[in-house]
Amino acid sequence: MEAVAEMFLGRNRSVWCMPQVLICGKQQAYINNLQALFSTGSTSKELPRKFNRSERKPMVTSVKELKRKARREKHERLLVREVTLSAPENGLLVKSLVPVAGEVLAARDILLDCAAKVVMHSPVYFCSLCGEVHVGDPPHKIKTCNVVGSQMNKEHVWEKGGLKNVLPDVKSYHLYDRIGRAVSHNERLQVDRIPAIVELCVQAGVDILEYPTRRRKFPVYYVAGRIIEFEKRFPNDLASVKDIDEYGFWEKRKKLNHDEKYEASTDDDLQGIAVRGMEAWEKMQLGATKLLQKYVVQTCGYCSEVQVGPKGHRVRQCQAFKHQMRDGQHAWQEATLDDLIPIVYVRHVKNPHNNELLVDSLKRYYGKLPAVVEMFAQAGACVGDNYCSLIREDVTVPEVDEEKLVV
């Protein structure tokens with residue numbers, strides 16, 4: 001950097017001797033300005049890279065720690081003694097998280113209601129080949145469609161999308177007893193599948209009539225690797241209820257489509273709806289993070305299957321990498337928030353009212369946002385500070401004819 005300044009300002013040093021002191025002072029000031037400019041790092045943050053189909057998801061707990069835990073449990077099974085379990089591992093609820101679960105479920109209902117109203121005014125497109133999503137009109141022209149069967153120029157084939165493209169729904173098997181046995185392959189059509197975030201709230205203490213679950217009053221005991229309980233299978237307060245069935249709840253109710261359940265009303269203020277939806281999104285994310293600190297959720301290491309509970313199910317339906325070696329079984333591991341509530345990232349449009357077209361030559365200057373956040377932002381909601389690094393507000397998008405002049 002000093003060499004650049006010397007070459008730029010110190011050309012005639014041998015000719016002008018008296019002004020040399022002044023020139024050196026200017027050089028030092030110029031160098032200080034350059035150092036201050038380049039020492040200020042960009043606040044933009046790159047998204048996690050997409051993993052190949054043959055790659056496994058990163059584990060929350062390291063393999064070494066899992067092996068140590070397995071050896072410790074094996075040693076405890078040899079010693080026939082009782083191991084004290086804490087909630088929720090002993091079958092009881094964490095009382096401090098019961099209101100949090102209720103808030104998460106209420107925030108999810110508000111989010112779906114607001115998103116269904118806003119999606120009518122913010123067009124959503126998805127690529128029929130690779131599944132990429134774009135919020136706004138017109139869809140971008142960035143050539144990133146690189147899958148089997150895509151076009152030679154890697155342009156996306158856009159189609160009209162909806163709420164399911166912005167908020168994908170991940171489902172899990174509903175468990176009547178969360179610490180009971182896992183769902184077998186023969187029971188896959190008998191056990192009800194509900195949204196995973198709803199199942200997490202039910203297991204955390206929210207009572208929903210459509211999804212009955214077992215609430216224990218006394219903890220279970222863990223002796224020599226086995227769970228032993230002295231409580232009746234159905235407590236006294238449920239003894240009067242006849243024909244209690246753990247499975248088949250899906251036959252007893254009508255499945256509601258989100259588009260039908262949350263039918264939009266155009267009379268409300270669109271910006272107010274977007275603000276309320278943005279608050280519900282952040283509240284649901286924060287509450288789900290608190291629940292995941294206590295309640296374990298399992299996910300497959302190679303596909304998007306999720307099972308809420310301390311262990312995964314035994315349904316042989318995995319079709320991911322080397323599923324033949326596992327006989328279709330899922331490679332279960334501890335799930336994260338992104339597995340429970342998957343986020344679809346889209347290109348951020350800074351001024352959606354100008355019908356700005358995102359072009360391929362300027363793709364490195366565009367930021368990204370979660371699709372639901374981008375949709376609410378285009379409707380007038382303010383984006384939180386935690387998304388500023390993704391929007392790349394410190395980057396000015398040049399014009400197409402200025403792209404070659406950018407250093």
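Residues are numbered from 1 along each chain as its sequence is written, and side-chain values use heavy atoms, with hydrogens and water left out. Because the model is predicted, local features need pLDDT of at least 70 and side-chain atom pairs count only at pLDDT 80 or more, while totals for chains, interfaces and linings use all residues.

A search of the whole structure finds 10 salt bridges, each being a side-chain nitrogen of Lys or Arg within 4 Å of a carboxyl oxygen of Asp or Glu.

Select Lys-57 and Asp-339 to begin, whose side chains form a salt bridge at 3.5 Å, N to O. Lys-57 sits in the loop between α2 (20-39) and α3 (63-78) and Asp-339 in helix α9 (residues 337-340), so the pair ties together parts that are 282 residues apart in sequence; helices here are DSSP runs (H or I, at least four residues), as are strands (E, at least two), numbered from the N terminus. Asp-339 is buried at 17% relative accessible area, and Lys-57 is partly exposed at 21% (buried is under 20%, exposed over 50%, partly exposed in between, with a 1.4 Å probe and protein chains only).

Next, select Asp-177 and Arg-214, which form a salt bridge with their closest N and O atoms 3.5 Å apart. Asp-177 and Arg-214 are both buried.

Finally, select Asp-327 and Arg-316, where the salt bridge spans 4.0 Å, N to O. Both residues lie in the loop between β10 (306-308) and β11 (332-334), 11 residues apart in sequence. Asp-327 is exposed at 54%, whereas Arg-316 is partly exposed at 38%.
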